[in-house]
Amino acid sequence: MEIKHNGKEIELSFGFKFMNDIDKKLGMEMEQMSIGQGIQMLAPNLQDGNPVAVGHTILAATSHSKKAPKSDEEISAVLDEIAEEQGLDEFSEEVLKELGKRPMTRNLVPEEYRQAKKAAAAKK
């Protein structure tokens with residue numbers, strides 16, 4: 001899965017760094033203590049097409065790239081392009097499907113996005 005930024009294609013990576021970044025960005029903070037748990041909030045926010053969650057997803061999934069969007073203006077431009085060309089809901093659904101393919105994130109997405117379980121059930 002890729003995004004376009006400044007005319008360049010950037011691969012989205014959904015590994016541990018992505019999950020850690022999302023946990024921090026979408027997590028909760030109470031009385032100056034970070035609780036995390038943002039990774040559990042990702043799927044519901046993506047299902048709702050929440051542009052902030054989509055933006056944080058892109059930032060976290062492209063953080064490995066030197067060409068990744070860094071500023072609010074750059075991520076806004078990427079989000080505008082996705083919204084115009086594909087739609088935020090459709091992009092969010094692609095992300096959920098991608099997360100459903102990966103063993104570390106499969107349990108975080110709703111059942112309909114879990115590809116490995118579908119494949120295993122079809123073989124039985």
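## Basis of the description

Contact means heavy atoms within 4.5 Å. The model is predicted, so to speak of local features requires pLDDT of at least 70 and side-chain atom pairs count only at pLDDT 80 or more, while totals for chains, interfaces and linings use all residues. Residues are numbered from 1 along each chain as its sequence is written, and side-chain values use heavy atoms, with hydrogens and water left out.

## Overall architecture

The protein chain has six helices and four strands, taken as DSSP runs (helices H or I, at least four residues; strands E, at least two) and numbered from the N terminus. Their order from the N terminus is β-β-α-β-β-α-α-α-α-α. Of the 124 residues, 40% are buried (under 20% relative accessible area, 1.4 Å probe, protein chains only).

## Helix α2

Helix α2 spans residues 38-47, and its buried residues are Gly 38, Ile 39, Leu 42, Ala 43, Asn 45 and Leu 46. Gly 49, which follows α2, has a positive phi near 70°.

## Packing of α3 and α5

The axes of helix α3 (residues 51-61) and helix α5 (residues 88-101) come within 11 Å and cross at roughly 50°; axes are lines fitted to C-alpha atoms over the stretch in contact, with angles from 0 to 180 degrees between N-to-C directions.

Pro 51, Val 54, Thr 57 and Ile 58 of α3 meet Leu 88, Phe 91, Ser 92 and Val 95 of α5. Six of these contact residues are nonpolar (Ala, Val, Leu, Ile, Met, Phe, Trp, Tyr, Cys and Pro), two are polar and none is charged (Asp, Glu, Lys and Arg), the others, Gly among them, counting as polar.

How values were computed. Buried means under 20% relative accessible area, exposed over 50%, partly exposed in between (1.4 Å probe, protein chains only).
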